[in-house]
Amino acid sequence: MKIAILPGDGIGTEIMAEAVKVLNVLDLTFETETALVGGAAYEAHGHPLPESTLNLAKSADAILFGAVGDWKYDKLERQYRPEQAILGLRKHLGLFANFRPAICYEQLTHASSLKPELVAGLDILIIRELTGDIYFGQPRGRRTAVDGHFPGAEEAFDTMRYSRPEIERIAHVAFQAARKRNKKVTSVDKANVLETFQFWKDVVIEVHAQYPDVALDHMYVDNAAMQLVKAPKAFDVVVTGNMFGDILSDEAAMLTGSIGMLPSASLDKSNKGLYEPSHGSAPDIAGKGIANPLATILSAAMMLRFSLNQPQAADRIESAVKAVLSAGLRTGDIWSEGTQRVGTREMGDAVVAAITGKTITTKS
Ligand code: IPM
Ligand code: MG
(Lines give C-alpha, C1' and ligand atoms only; values in the text may rest on other atoms or scores of the structure.)
(Ligands and ions follow the chains in the order given, each with its own letter.)
Protein backbone atom coordinates (compact mmCIF):
# COMPACT_ATOMS: atom_id res chain seq x y z
CA MET A 1 0.00 0.00 0.00
CA LYS A 2 1.27 3.41 -0.90
CA ILE A 3 -0.23 6.51 0.65
CA ALA A 4 0.46 9.94 -0.82
CA ILE A 5 0.70 12.53 1.95
CA LEU A 6 -0.14 16.06 0.79
CA PRO A 7 -0.12 18.40 3.81
CA GLY A 8 -0.62 21.68 1.89
CA ASP A 9 -0.78 25.09 3.53
CA GLY A 10 -1.69 26.80 6.79
CA ILE A 11 -2.62 24.32 9.51
CA GLY A 12 -2.29 21.52 6.92
CA THR A 13 1.22 20.56 7.97
CA GLU A 14 0.40 20.51 11.70
CA ILE A 15 -2.74 18.39 11.45
CA MET A 16 -1.14 16.03 8.94
CA ALA A 17 1.76 15.31 11.29
CA GLU A 18 -0.74 14.04 13.87
CA ALA A 19 -2.62 11.86 11.36
CA VAL A 20 0.65 10.28 10.19
CA LYS A 21 1.63 9.66 13.80
CA VAL A 22 -1.65 7.82 14.33
CA LEU A 23 -1.27 5.74 11.14
CA ASN A 24 2.18 4.69 12.27
CA VAL A 25 1.01 3.00 15.49
CA LEU A 26 -1.55 0.73 13.81
CA ASP A 27 0.84 -2.13 12.95
CA LEU A 28 0.03 -1.88 9.24
CA THR A 29 2.52 -2.18 6.43
CA PHE A 30 2.39 0.76 4.10
CA GLU A 31 4.69 3.17 2.39
CA THR A 32 4.16 6.93 2.48
CA GLU A 33 5.48 9.61 0.19
CA THR A 34 5.02 13.29 0.93
CA ALA A 35 4.72 16.08 -1.64
CA LEU A 36 4.02 19.80 -1.74
CA VAL A 37 0.63 21.04 -2.87
CA GLY A 38 -1.22 24.37 -2.92
CA GLY A 39 0.53 27.60 -1.97
CA ALA A 40 3.54 25.66 -0.66
CA ALA A 41 3.99 24.03 -4.08
CA TYR A 42 3.49 27.35 -5.83
CA GLU A 43 6.31 28.88 -3.75
CA ALA A 44 8.67 25.99 -4.48
CA HIS A 45 7.75 25.01 -8.05
CA GLY A 46 5.67 27.89 -9.44
CA HIS A 47 2.49 25.78 -9.63
CA PRO A 48 -0.05 24.69 -6.97
CA LEU A 49 -0.29 21.19 -8.46
CA PRO A 50 3.14 20.35 -9.92
CA GLU A 51 3.44 17.41 -12.32
CA SER A 52 5.42 15.46 -9.70
CA THR A 53 2.67 15.85 -7.07
CA LEU A 54 -0.03 14.84 -9.56
CA ASN A 55 1.98 11.78 -10.61
CA LEU A 56 2.48 10.75 -6.99
CA ALA A 57 -1.28 11.10 -6.39
CA LYS A 58 -1.99 8.99 -9.48
CA SER A 59 0.43 6.24 -8.49
CA ALA A 60 -0.64 5.98 -4.83
CA ASP A 61 -3.38 3.65 -3.53
CA ALA A 62 -4.85 6.51 -1.52
CA ILE A 63 -4.20 10.18 -0.87
CA LEU A 64 -4.31 11.93 2.49
CA PHE A 65 -4.71 15.66 1.96
CA GLY A 66 -4.44 18.47 4.52
CA ALA A 67 -5.71 21.84 3.34
CA VAL A 68 -4.71 24.52 0.85
CA GLY A 69 -5.08 28.28 0.59
CA ASP A 70 -3.99 31.56 2.04
CA TRP A 71 -5.36 35.06 1.51
CA LYS A 72 -1.97 36.17 0.28
CA TYR A 73 -2.55 34.23 -2.96
CA ASP A 74 -5.95 35.82 -3.69
CA LYS A 75 -4.42 38.26 -6.17
CA LEU A 76 -2.72 35.55 -8.28
CA GLU A 77 -4.10 34.59 -11.65
CA ARG A 78 -6.70 31.86 -11.03
CA GLN A 79 -4.62 28.98 -12.42
CA TYR A 80 -1.89 29.62 -9.83
CA ARG A 81 -4.14 29.88 -6.77
CA PRO A 82 -3.84 27.11 -4.14
CA GLU A 83 -7.49 26.01 -4.62
CA GLN A 84 -6.61 24.91 -8.15
CA ALA A 85 -4.59 22.08 -6.61
CA ILE A 86 -7.59 20.39 -5.02
CA LEU A 87 -9.82 21.13 -8.01
CA GLY A 88 -7.12 19.71 -10.32
CA LEU A 89 -6.73 16.55 -8.24
CA ARG A 90 -10.49 15.98 -8.27
CA LYS A 91 -10.63 16.46 -12.02
CA HIS A 92 -7.50 14.54 -13.07
CA LEU A 93 -8.21 11.62 -10.75
CA GLY A 94 -11.93 11.48 -11.57
CA LEU A 95 -12.94 11.85 -7.89
CA PHE A 96 -16.62 12.41 -8.58
CA ALA A 97 -18.16 11.12 -5.36
CA ASN A 98 -17.61 13.21 -2.25
CA PHE A 99 -18.75 11.79 1.08
CA ARG A 100 -19.19 14.33 3.86
CA PRO A 101 -20.62 12.75 6.98
CA ALA A 102 -21.94 15.08 9.68
CA ILE A 103 -21.90 13.21 12.96
CA CYS A 104 -22.54 14.87 16.29
CA TYR A 105 -20.47 13.08 18.90
CA GLU A 106 -22.38 12.58 22.10
CA GLN A 107 -19.60 14.34 24.05
CA LEU A 108 -19.93 17.44 21.84
CA THR A 109 -23.70 17.89 21.81
CA HIS A 110 -23.26 21.14 23.73
CA ALA A 111 -20.62 22.53 21.36
CA SER A 112 -23.22 22.94 18.59
CA SER A 113 -24.80 26.32 17.98
CA LEU A 114 -28.17 24.56 17.80
CA LYS A 115 -30.17 23.33 20.78
CA PRO A 116 -28.75 20.03 22.07
CA GLU A 117 -32.00 18.12 21.45
CA LEU A 118 -31.89 19.06 17.76
CA VAL A 119 -28.42 17.62 17.21
CA ALA A 120 -28.03 14.85 19.82
CA GLY A 121 -27.32 11.65 17.91
CA LEU A 122 -27.14 13.41 14.54
CA ASP A 123 -25.65 11.16 11.85
CA ILE A 124 -26.27 12.29 8.29
CA LEU A 125 -24.26 11.86 5.12
CA ILE A 126 -23.96 14.45 2.40
CA ILE A 127 -22.95 13.02 -0.95
CA ARG A 128 -21.75 15.81 -3.21
CA GLU A 129 -21.05 15.37 -6.92
CA LEU A 130 -17.51 16.70 -7.25
CA THR A 131 -16.33 16.91 -10.86
CA GLY A 132 -19.20 18.58 -12.70
CA ASP A 133 -21.71 21.42 -12.39
CA ILE A 134 -20.86 25.11 -12.54
CA TYR A 135 -17.45 24.35 -10.96
CA PHE A 136 -16.11 22.79 -14.15
CA GLY A 137 -18.70 23.64 -16.81
CA GLN A 138 -17.39 25.25 -20.00
CA PRO A 139 -17.59 27.83 -21.42
CA ARG A 140 -16.71 30.34 -18.72
CA GLY A 141 -14.93 33.65 -18.76
CA ARG A 142 -15.27 37.37 -19.30
CA ARG A 143 -16.56 39.14 -22.38
CA THR A 144 -18.60 42.05 -23.63
CA ALA A 145 -22.32 41.36 -23.29
CA VAL A 146 -24.24 41.16 -26.53
CA ASP A 147 -27.64 40.91 -24.83
CA GLY A 148 -29.08 40.85 -21.29
CA HIS A 149 -29.88 43.94 -19.24
CA PHE A 150 -26.77 45.85 -20.32
CA PRO A 151 -25.64 45.03 -23.87
CA GLY A 152 -22.11 46.31 -24.46
CA ALA A 153 -21.16 46.07 -20.77
CA GLU A 154 -18.32 43.91 -19.43
CA GLU A 155 -19.69 40.64 -18.01
CA ALA A 156 -18.52 37.34 -16.53
CA PHE A 157 -20.20 33.96 -16.96
CA ASP A 158 -19.98 30.31 -15.89
CA THR A 159 -21.87 27.31 -17.18
CA MET A 160 -24.01 25.02 -15.07
CA ARG A 161 -24.33 21.62 -16.76
CA TYR A 162 -24.77 17.94 -15.94
CA SER A 163 -24.84 15.00 -18.31
CA ARG A 164 -27.02 11.91 -17.78
CA PRO A 165 -24.08 9.57 -16.91
CA GLU A 166 -22.73 12.06 -14.37
CA ILE A 167 -26.08 12.16 -12.58
CA GLU A 168 -26.65 8.42 -12.89
CA ARG A 169 -23.35 7.44 -11.29
CA ILE A 170 -23.68 9.77 -8.29
CA ALA A 171 -27.30 8.64 -7.81
CA HIS A 172 -26.12 5.01 -7.68
CA VAL A 173 -23.48 5.95 -5.10
CA ALA A 174 -26.14 7.64 -2.95
CA PHE A 175 -28.67 4.79 -3.13
CA GLN A 176 -25.97 2.21 -2.36
CA ALA A 177 -24.73 4.25 0.61
CA ALA A 178 -28.31 4.59 1.89
CA ARG A 179 -28.73 0.81 1.75
CA LYS A 180 -26.00 0.52 4.38
CA ARG A 181 -27.68 3.19 6.55
CA ASN A 182 -31.31 4.17 7.13
CA LYS A 183 -32.39 3.64 3.52
CA LYS A 184 -33.47 7.18 2.81
CA VAL A 185 -32.13 9.56 0.16
CA THR A 186 -33.02 13.23 -0.18
CA SER A 187 -32.03 14.62 -3.57
CA VAL A 188 -31.47 18.36 -3.38
CA ASP A 189 -32.10 20.42 -6.52
CA LYS A 190 -33.48 23.69 -7.83
CA ALA A 191 -35.80 22.12 -10.37
CA ASN A 192 -38.29 24.95 -9.96
CA VAL A 193 -35.86 27.34 -11.66
CA LEU A 194 -32.96 25.54 -13.34
CA GLU A 195 -33.09 23.26 -16.37
CA THR A 196 -29.94 21.47 -15.17
CA PHE A 197 -31.62 20.51 -11.91
CA GLN A 198 -34.96 19.51 -13.45
CA PHE A 199 -32.87 17.04 -15.46
CA TRP A 200 -30.99 16.04 -12.29
CA LYS A 201 -34.29 15.27 -10.57
CA ASP A 202 -35.67 13.31 -13.55
CA VAL A 203 -32.54 11.15 -13.78
CA VAL A 204 -32.41 10.50 -10.01
CA ILE A 205 -36.05 9.31 -10.18
CA GLU A 206 -35.16 6.94 -13.04
CA VAL A 207 -32.18 5.46 -11.17
CA HIS A 208 -34.33 5.07 -8.06
CA ALA A 209 -36.41 2.46 -9.88
CA GLN A 210 -33.49 0.05 -9.28
CA TYR A 211 -33.61 0.68 -5.51
CA PRO A 212 -37.19 0.01 -4.41
CA ASP A 213 -35.95 -0.68 -0.86
CA VAL A 214 -34.65 2.90 -0.48
CA ALA A 215 -37.00 5.85 0.09
CA LEU A 216 -36.42 8.91 -2.09
CA ASP A 217 -37.61 12.43 -1.60
CA HIS A 218 -36.72 15.72 -3.28
CA MET A 219 -36.06 19.11 -1.80
CA TYR A 220 -35.23 22.51 -3.27
CA VAL A 221 -31.86 23.72 -2.09
CA ASP A 222 -33.20 26.78 -0.26
CA ASN A 223 -35.64 24.62 1.70
CA ALA A 224 -32.87 22.08 2.37
CA ALA A 225 -30.73 24.84 3.89
CA MET A 226 -33.64 25.69 6.17
CA GLN A 227 -34.50 22.09 7.10
CA LEU A 228 -30.86 21.43 8.01
CA VAL A 229 -31.09 23.87 10.88
CA LYS A 230 -34.75 23.18 11.68
CA ALA A 231 -34.79 19.38 11.88
CA PRO A 232 -31.43 17.97 10.76
CA LYS A 233 -32.12 14.49 12.12
CA ALA A 234 -34.89 14.03 9.54
CA PHE A 235 -32.18 13.49 6.88
CA ASP A 236 -30.23 10.30 6.24
CA VAL A 237 -28.35 10.57 2.92
CA VAL A 238 -28.45 13.86 1.02
CA VAL A 239 -27.31 13.77 -2.61
CA THR A 240 -26.72 16.93 -4.57
CA GLY A 241 -24.62 18.73 -7.16
CA ASN A 242 -21.19 20.27 -6.72
CA MET A 243 -22.22 23.86 -5.95
CA PHE A 244 -25.16 23.12 -3.63
CA GLY A 245 -23.12 20.39 -1.94
CA ASP A 246 -20.29 22.81 -1.22
CA ILE A 247 -22.65 25.15 0.60
CA LEU A 248 -24.83 22.60 2.40
CA SER A 249 -21.86 20.56 3.63
CA ASP A 250 -20.39 23.56 5.48
CA GLU A 251 -23.78 24.19 7.02
CA ALA A 252 -24.16 20.54 8.05
CA ALA A 253 -20.64 20.50 9.47
CA MET A 254 -21.44 23.32 11.83
CA LEU A 255 -24.40 21.40 13.28
CA THR A 256 -21.93 19.01 14.84
CA GLY A 257 -20.20 21.63 16.94
CA SER A 258 -17.10 22.16 14.88
CA ILE A 259 -15.99 21.73 11.31
CA GLY A 260 -12.72 20.67 12.96
CA MET A 261 -14.25 17.24 13.62
CA LEU A 262 -15.37 16.27 10.13
CA PRO A 263 -13.51 14.04 7.69
CA SER A 264 -14.37 13.57 4.03
CA ALA A 265 -13.68 11.14 1.23
CA SER A 266 -13.62 11.81 -2.51
CA LEU A 267 -13.78 8.60 -4.52
CA ASP A 268 -13.36 7.58 -8.12
CA LYS A 269 -15.29 4.78 -9.84
CA SER A 270 -13.10 2.06 -8.32
CA ASN A 271 -13.07 3.48 -4.77
CA LYS A 272 -9.61 4.94 -5.00
CA GLY A 273 -9.80 8.12 -3.06
CA LEU A 274 -8.55 11.34 -1.64
CA TYR A 275 -9.25 11.92 2.04
CA GLU A 276 -9.27 15.34 3.62
CA PRO A 277 -10.72 17.22 6.56
CA SER A 278 -13.84 19.20 5.64
CA HIS A 279 -12.26 22.39 6.97
CA GLY A 280 -9.79 24.70 5.25
CA SER A 281 -6.23 25.84 5.91
CA ALA A 282 -7.12 28.40 8.62
CA PRO A 283 -4.12 30.68 8.00
CA ASP A 284 -5.15 32.81 11.00
CA ILE A 285 -4.19 30.04 13.43
CA ALA A 286 -1.45 28.35 11.38
CA GLY A 287 1.78 27.62 13.24
CA LYS A 288 0.23 28.15 16.66
CA GLY A 289 -0.23 24.48 17.46
CA ILE A 290 -3.89 24.92 18.39
CA ALA A 291 -5.72 23.47 15.37
CA ASN A 292 -7.95 20.43 15.85
CA PRO A 293 -6.29 17.42 14.16
CA LEU A 294 -9.29 15.11 14.65
CA ALA A 295 -10.88 15.72 11.23
CA THR A 296 -7.63 14.67 9.54
CA ILE A 297 -7.17 11.71 11.88
CA LEU A 298 -10.76 10.63 11.11
CA SER A 299 -10.05 11.13 7.39
CA ALA A 300 -7.21 8.63 7.76
CA ALA A 301 -9.75 6.21 9.27
CA MET A 302 -12.08 6.72 6.31
CA MET A 303 -9.11 6.04 4.00
CA LEU A 304 -8.37 2.75 5.74
CA ARG A 305 -12.01 1.72 5.44
CA PHE A 306 -12.88 2.84 1.90
CA SER A 307 -9.65 2.51 -0.08
CA LEU A 308 -7.24 0.27 1.84
CA ASN A 309 -9.60 -2.43 3.05
CA GLN A 310 -8.54 -2.15 6.71
CA PRO A 311 -11.87 -1.76 8.53
CA GLN A 312 -10.51 -2.92 11.89
CA ALA A 313 -7.75 -0.33 11.84
CA ALA A 314 -10.38 2.31 10.97
CA ASP A 315 -12.49 1.18 13.94
CA ARG A 316 -9.48 1.48 16.24
CA ILE A 317 -8.93 5.10 15.22
CA GLU A 318 -12.61 6.00 15.58
CA SER A 319 -12.88 4.39 19.03
CA ALA A 320 -9.70 6.16 20.12
CA VAL A 321 -11.15 9.52 19.09
CA LYS A 322 -14.29 8.83 21.13
CA ALA A 323 -12.10 7.82 24.08
CA VAL A 324 -10.12 11.07 24.08
CA LEU A 325 -13.33 13.08 23.87
CA SER A 326 -14.78 11.07 26.76
CA ALA A 327 -11.59 11.75 28.72
CA GLY A 328 -12.42 15.45 28.38
CA LEU A 329 -9.67 16.57 26.01
CA ARG A 330 -10.63 19.43 23.70
CA THR A 331 -8.88 21.70 21.23
CA GLY A 332 -10.04 25.32 21.36
CA ASP A 333 -12.74 24.93 18.69
CA ILE A 334 -14.65 22.35 20.75
CA TRP A 335 -13.67 23.48 24.23
CA SER A 336 -16.38 24.14 26.81
CA GLU A 337 -16.43 24.76 30.56
CA GLY A 338 -15.26 21.74 32.52
CA THR A 339 -13.14 20.20 29.75
CA GLN A 340 -9.39 20.34 29.30
CA ARG A 341 -7.98 22.54 26.54
CA VAL A 342 -5.15 20.88 24.62
CA GLY A 343 -3.08 21.74 21.54
CA THR A 344 -2.75 19.96 18.21
CA ARG A 345 0.14 17.74 19.25
CA GLU A 346 -1.31 16.78 22.62
CA MET A 347 -4.56 15.77 20.91
CA GLY A 348 -2.63 13.57 18.46
CA ASP A 349 -0.61 12.06 21.31
CA ALA A 350 -3.81 11.29 23.21
CA VAL A 351 -5.28 9.44 20.21
CA VAL A 352 -2.04 7.47 19.88
CA ALA A 353 -2.18 6.64 23.61
CA ALA A 354 -5.78 5.47 23.31
CA ILE A 355 -4.88 3.20 20.37
CA THR A 356 -1.84 1.71 22.03
CA GLY A 357 -3.82 1.10 25.22
CA LYS A 358 -2.03 3.63 27.39
CA THR A 359 -4.09 5.70 29.75
CA ILE A 360 -4.98 9.20 28.71
CA THR A 361 -3.84 11.58 31.38
CA THR A 362 -5.74 14.76 32.02
CA LYS A 363 -4.43 17.50 34.23
CA SER A 364 -7.30 19.03 36.13
C1 IPM B 1 -14.45 22.37 -0.36
C2 IPM B 1 -13.78 23.70 -0.59
C3 IPM B 1 -13.34 23.77 -2.05
C4 IPM B 1 -14.58 23.71 -2.90
C5 IPM B 1 -12.47 24.99 -2.42
C6 IPM B 1 -11.22 25.07 -1.53
C7 IPM B 1 -12.07 24.98 -3.86
O8 IPM B 1 -14.62 24.75 -0.25
O9 IPM B 1 -13.80 21.33 -0.53
O10 IPM B 1 -15.63 22.37 0.02
O11 IPM B 1 -15.21 24.74 -3.17
O12 IPM B 1 -14.95 22.61 -3.32
MG1 MG C 1 -16.45 24.14 0.67
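Over the ring of which residue does the charged end of Arg341 sit? In this predicted model, the charged end of Arg341 is placed over the ring of Trp335, at 4.8 Å from its centre. The legends below describe close-up views of this contact and of other aromatic contacts.

**View 1. Arg341 and Trp335 form a contact between a charge and a ring.** The distance from the charged end of Arg341 to the centre of the Trp335 ring is 4.8 Å.

**View 2. Arg143 and Phe157 form a contact between a charge and a ring.** The charged end of Arg143 sits over the ring of Phe157, with 3.6 Å to the ring centre.

**View 3. Tyr42 and Tyr80 form a tilted aromatic pair.** Eight aromatic pairs are found when the whole structure is searched. In the pair of Tyr42 and Tyr80, the ring centres are 6.0 Å apart and the planes meet at 45°, so the pair is classed as tilted. Tyr42 belongs to helix H2 (residues 39-45), whereas Tyr80 belongs to the loop between strand S3 (62-67) and helix H4 (83-93); the pair therefore ties together parts that are 38 residues apart in sequence. Tyr42 is partly exposed, with 24% relative accessibility, and Tyr80 is partly exposed, with a relative accessible area of 27%.

**View 4. Phe197 and Trp200 form a tilted aromatic pair within helix H7.** Their ring centres lie 5.5 Å apart and their planes are at 40°, so this pair is tilted.

**View 5. Ring pairs join four residues into a cluster.** The cluster links Phe197 and Trp200 with Tyr162 and Phe244.

Terms used
Residues numbered from 1 in each chain as written. Chains lettered and ligands numbered in written order. Predicted model: local features only at pLDDT ≥ 70, side-chain atom pairs only at ≥ 80, totals over all residues. Heavy atoms only, no water. Phe/Tyr/Trp six-rings, centres within 6.5 Å; stacked < 30°, edge-to-face > 60°. Helix = DSSP H or I, 4+ residues; strand = E, 2+ residues; numbered from the N terminus. Buried < 20%, exposed > 50% of the residue type's maximum accessible area, 1.4 Å probe, protein only. Lys NZ or Arg CZ within 6 Å of the ring centre and 35° of its normal.
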